[in-house]
Amino acid sequence: YGKEHNFILLGLFPEFQYHSIVLNFMIIIIYILAFLGNILLIVLIWGDSRLHTPMYILLSQLSLIDLTLTSTIVPKMASNFFTGKRTISWIGCGTQSFFFLMLGMSECLILTLMAYDRYVAVCHPLRYPTIMSPRFCMHMVLSCWIGGSISSFIHTVYPMHFPICGSREIHHFFCEVPVLIKLSCEDTSVYQLVVVVTSIVLLVVPFSLITVSYTLIFLAVFRMSSVKGRKKTLATCSSHLTVVSLFFGPNIFIYMTFTSSHSAEQDQALSVFSNILTPMLNPLIYSLRNKEVVAALRKLMGKCVIF
């Protein structure tokens, strides 16, 4: 594919102005903080044997997804803005779309699995080691990645072959399915309906399972006699529920409504919040409210000081 097949990413800030430069630098700083925060969380979890439990293994997978997701989007966006070359090749656009979808779908499934892990831990504590065995946990994690990859491949290859008759300008800062659909000169209403149905399966069903899990958890918590145990459980659950809200809220709006019903500016604002800001917040949400993670951090800092 030659230059005529390239796409033009207009980005968040089409004009190279002072406020645009400042905002881009802010996004780059947020990206660096998100990258370092998630790397640190992964190192803490895999470096401390006390954190080798299903809950923390799943949390490390969430961090891996977040740092990969931001790395799929921000470096290309920053490069395009500061070099002035806003083009992205057909293959590059497809690759970016594939990884973005794969990571998003995998995160959706990982969050659901994390809710199930908390449900088993709170409602069936005696059976927890048997149900959430390391082998079962790794199989489920692998299933999340494979499921996300297969679904993403289908939803990347199909829309990439829609004919584009007019402008190849993408009113976004990265390639994803909704913005690619808008460029097509074909009637894509049937495929948009397929996207909405798929989103119901991959967003509403997991969100419903998470809601049911936490309803049962809260009922079990209110029956607890120990105030200390109740507070510890609620602290852990509140962290996960915050991350769930930050993930599902924007994505349900973007993917479960027809692309014509919301503007490019709305999509971009929600994408910045969901895919750049949230990955920075996730390590903070989990570490500040979690004594085990804080203890692992202090242990690591102690080793660094001694070294």
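This is a predicted model: local features need pLDDT of at least 70, side-chain atom pairs count only at pLDDT 80 or more; totals for chains, interfaces and linings use all residues.

Residues are numbered from 1 along each chain as its sequence is written, and side-chain values use heavy atoms, with hydrogens and water left out.

**Entry 1: the disulfide**

I counted a disulfide as a pair of cysteine sulfur atoms within 2.5 Å. Searching the whole structure gave me 1 disulfide. It links cysteine 93 and cysteine 175, with an S to S distance of 2.0 Å. I get a torsion of about -115° about that S-S bond, so the disulfide is left-handed.

Where do the two cysteines sit? Cysteine 93 is in helix H3 (residues 90–123), and cysteine 175 is in the loop between strand E3 (169–170) and helix H6 (177–183), so the bond ties together parts that are 82 residues apart in sequence. For these labels, helices (H or I, at least four residues) and strands (E, at least two) are DSSP runs, numbered from the N terminus. Cysteine 93 is buried at 0% relative accessible area, and cysteine 175 is buried at 0% too.

**Entry 2: cysteines without a bond**

I checked cysteine 108, which is in no disulfide; its nearest cysteine sulfur belongs to cysteine 144, 9.2 Å away. Cysteine 108 is buried, at 1% relative accessibility.

**Entry 3: how H3 packs**

I took axes as lines fitted to C-alpha atoms, for helices over the stretch in contact, with angles from 0 to 180 degrees between N-to-C directions. H3 packs with helix H7 (residues 189–222) at about 20°, their axes 9 Å apart. That makes the two helices roughly parallel; the cut-offs are under 35 degrees for roughly parallel, over 145 for roughly antiparallel, 65 to 115 for roughly perpendicular, and oblique for the rest.

Contact here means heavy atoms within 4.5 Å. The H3 side of the contact includes Cys108, Tyr116 and Cys123, and the H7 side includes Pro206, Tyr214 and Val221.

I also looked at helix H2 (residues 54–83) against H3: the axes come within 9 Å and cross at roughly 160°. H2 and H3 are therefore roughly antiparallel.

**Entry 4: annotated spans**

From UniProt (unreviewed entry) I noted "transmembrane region" at several spans, among them 56–78 and 190–222. Such annotations may be inferred rather than shown by experiment. In the model, residues 56–78 are 100% helix, with end C-alpha atoms 32 Å apart. Residues 190–222 are also 100% helix, with 47 Å between the end C-alpha atoms.

**Entry 5: two single residues**

Is asparagine 38 buried or exposed? At 1% relative accessibility, asparagine 38 is buried. Asparagine 38 lies in helix H1 (residues 18–47) and touches Ser63, Asp66, Leu67, Pro279 and Pro283, leaving out residues up to four places away in sequence.

Arginine 223 is in the loop between H7 and helix H8 (227–255). At 65% relative accessibility, I logged arginine 223 as exposed.

Notes
Buried means under 20% relative accessible area, exposed over 50%, partly exposed in between (1.4 Å probe, protein chains only).
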